[in-house]
Amino acid sequence: MENSVHEMMTECYDSLFLKAYYLQSRFNYRDEDEAADIVHDACAHCITKFDDFKGGSFKVWAKSIVFGKYIDKKRKDKKFKLG
């Protein structure tokens, strides 16, 4: 029986939080509240865009969304510049 998106999110939530926390550490800061907000946004995105999931590792797909949400947040906060 296939897991629902909610079950898969629950199974990998801790891993997603650690990904967000790790991304912060790469820029020499850590903020648990911000990391939790990023993961919450990523979870909401995963749920609404689950039809875009093509199979494979759900955790890898969700981590890529966490990364994107982190970058988006930093761009909006003007604390992060690419290139």
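How many disulfides does the structure hold? The structure holds 0 disulfides.

## About the model

This is a predicted model, in which local features need pLDDT of at least 70, side-chain atom pairs count only at pLDDT 80 or more, and totals for chains, interfaces and linings use all residues. Residues are numbered from 1 along each chain as its sequence is written, and side-chain values use heavy atoms, with hydrogens and water left out.

## Cysteines

A disulfide is a pair of cysteine sulfur atoms within 2.5 Å. Cys12 is in no disulfide. Its nearest cysteine sulfur belongs to Cys43, 7.0 Å away. Cys46 is in no disulfide either. Its nearest cysteine sulfur is also that of Cys43, at 6.2 Å.

Cys12 has 3% relative accessibility, so Cys12 counts as buried. Cys46 is buried too, at 0%.

## A salt bridge between helices

A salt bridge needs a side-chain nitrogen of Lys or Arg within 4 Å of a carboxyl oxygen of Asp or Glu. The structure holds 1 salt bridge. Its partners are Lys74 and Glu34, at 2.9 Å from N to O. The pair links distant parts of the chain: Lys74 sits in helix 3, Glu34 in helix 2 (residues 32-48), and 40 residues separate them. Helices (H or I, at least four residues) are DSSP runs, numbered from the N terminus. Lys74 is buried, at 2% relative accessible area. Glu34 is buried as well, at 8%.

What of Lys73? Lys73 also lies in helix 3 (residues 58-77). Lys73 is partly exposed, at 26%. Leaving aside neighbours within four places in sequence, Lys73 is in contact with Glu34 and Ile38. Contact means heavy atoms within 4.5 Å.

## Aromatic rings

Rings of Phe, Tyr and Trp (its six-membered ring) pair if their centres lie within 6.5 Å; planes under 30 degrees apart count as stacked, over 60 as edge-to-face, and the rest as tilted. The structure holds 6 aromatic pairs. One of them joins Phe50 and Phe58. This pair is tilted, with centres 6.2 Å apart and 55 degrees between the planes. Phe58 and Trp61 form a tilted pair, with centres 5.6 Å apart and planes at 55 degrees.

Phe58 and Trp61 both lie in helix 3, 3 residues apart, about one turn of the helix. Phe58 is buried, at 7%. Trp61 is buried, at 18%. Phe50 is partly exposed, at 27%. Ring pairs link Phe50, Phe53, Phe58 and Trp61 into a cluster.

Notes
Buried means under 20% relative accessible area, exposed over 50%, partly exposed in between (1.4 Å probe, protein chains only). Helices (H or I, at least four residues) and strands (E, at least two) are DSSP runs, numbered from the N terminus.
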